[in-house]
Amino acid sequence: MTTASDLRSGKTHRDENFPVASWIIHPRHRALILAFYNFVRTADDIADHATLSAQEKLRYLDLMEAELLGNGDSQKEAVNLRRAFAERGMPPRHALDVLVAFRLDVTKLRYENWDDVIDYCRYSAMPVGRFMLDVHGEDTSTWAASDALCAALQINNHLQDCGKDYRNLNRVYLPRDALAAAGATVEMLGEAKSQPALLKCLQALAVRTETLLVQSKSLAAEVKDFRLGLEISVIQAFADKIVNMLKVRDPLSERVHLSKVELLLQSLGGVAGETAQRATGRRAVSKTAAGA
């Protein structure tokens, strides 16, 4: 029998736009975080699989959920995460929420407006941040800023990969009303270079995403765990850099991903900035969440 592991794309935590269980995070948390990542990555790869039918994708996602909840032992990513949660006494709710998003990826190919996209992010991205906060024992008052950051990371990714998502999966996360307002069409995503109307739409969405990043800037200062604060500062720096690229570049024809040098520089800047803030006792002012 083909298992979910056999359907993996080969992408690992080292290939993401943001650090996953990096050296910054305390070693005692890394095994759980990687178990969560591998579960989520496997489910994501199932939803994006090139040859599986929609029915097969949903069947595998249902199987992963069942085994996460203790009904079976054939899917190692689900079993490993189930055991990791049990060791910590943590419920699986954030992993279950993410599965909702992957089912949407199978069944929903278009989004009507910004609120529709944010609702998708509630399941695809926000649970990941909430999971990280729970792992570190942080208060739920940090969730609002975390939700804003995670939604921004997700939408950055949607903008970066908009052409590939359309060509390979016929999946479009750009809101229909935003496309219409700019005079753009979905079919323009299949071209090698953005037409002016599409570029106007993409860059307007990047500007709107930037407002989420403004609302998330308080997060690093809100968390108590020093290492987690550093990690969040690095992720925020990555997201800020990417959204600035998306505001001026065409993701269909130009590079909108960070190079290794840029990743290193943003990491060092994020770590240095957060260390300095904590050393001087300065705290960011909390922001309300992101319309999310």
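1. Two cavities of 30 Å³ or more are counted. On a 1 Å grid over the protein atoms alone, a cavity is a set of points where a 1.4 Å probe fits but cannot get out, and lining residues have an atom within 4 Å of a point. Grid points are joined across faces, edges and corners, and a volume is the space filled by probe spheres set on the points.

2. The model is predicted: local features need pLDDT of at least 70, side-chain atom pairs count only at pLDDT 80 or more, and totals for chains, interfaces and linings use all residues. Residues are numbered from 1 along each chain as its sequence is written, and side-chain values use heavy atoms, with hydrogens and water left out.

3. The protein has 13 helices and zero strands. Helices (H or I, at least four residues) and strands (E, at least two) are DSSP runs, numbered from the N terminus. Of the 292 residues, 50% are buried, where buried means under 20% relative accessible area, exposed over 50% and partly exposed in between (1.4 Å probe, protein chains only). Among contacts (heavy atoms within 4.5 Å) between residues at least 6 apart in sequence, 72% join residues at least 24 apart.

4. The largest cavity holds about 50 Å³ of space. Its lining consists of Trp114, Val117, Ile155, His158, Leu159, Tyr173, Leu174, Pro175 and Leu205. By class, eight lining residues are nonpolar, one is polar and none is charged.

5. Leu159, a lining residue of the largest cavity, belongs to helix α7. Leu159 is buried, with a relative accessible area of 2%. Leaving aside residues up to four places away in sequence, Leu159 touches Leu174, Leu202, Leu205, Ala206, Thr209, Leu246 and Pro251. Between Leu159 and Ala206, 47 residues apart along the chain, the C-alpha separation is 7.7 Å.

6. Helix α4 (residues 93–107) packs on α5 at an angle of about 130°, with the axes 6 Å apart. Axes are lines fitted to C-alpha atoms, for helices over the stretch in contact, and angles run from 0 to 180 degrees between N-to-C directions. The angle therefore makes α4 oblique to α5; under 35 degrees counts as roughly parallel, over 145 as roughly antiparallel, 65 to 115 as roughly perpendicular and the rest as oblique. The contact involves Asp97, Val98, Val100, Ala101, Leu104 and Asp105 of α4 with Tyr120, Tyr123 and Ser124 of α5. By class, this contact has six nonpolar, one polar and two charged residues.

7. Ala54 lies in helix α2 (residues 54–68) and is partly exposed, with a relative accessible area of 41%.

8. Which backbone angle of Asn170 has a positive value? Phi of Asn170 is near 55°, in a residue other than glycine. Asn170 is in the loop between α8 (162–169) and α9 (176–182) and is partly exposed, at 34% relative accessible area.

Technical notes. On a 1 Å grid over the protein atoms alone, a cavity is a set of points where a 1.4 Å probe fits but cannot get out, and a pocket is an open set with protein on both sides within 12 Å along at least five of seven lines; lining residues have an atom within 4 Å of a point. Ala, Val, Leu, Ile, Met, Phe, Trp, Tyr, Cys and Pro count as nonpolar, Asp, Glu, Lys and Arg as charged, and the others, Gly among them, as polar.
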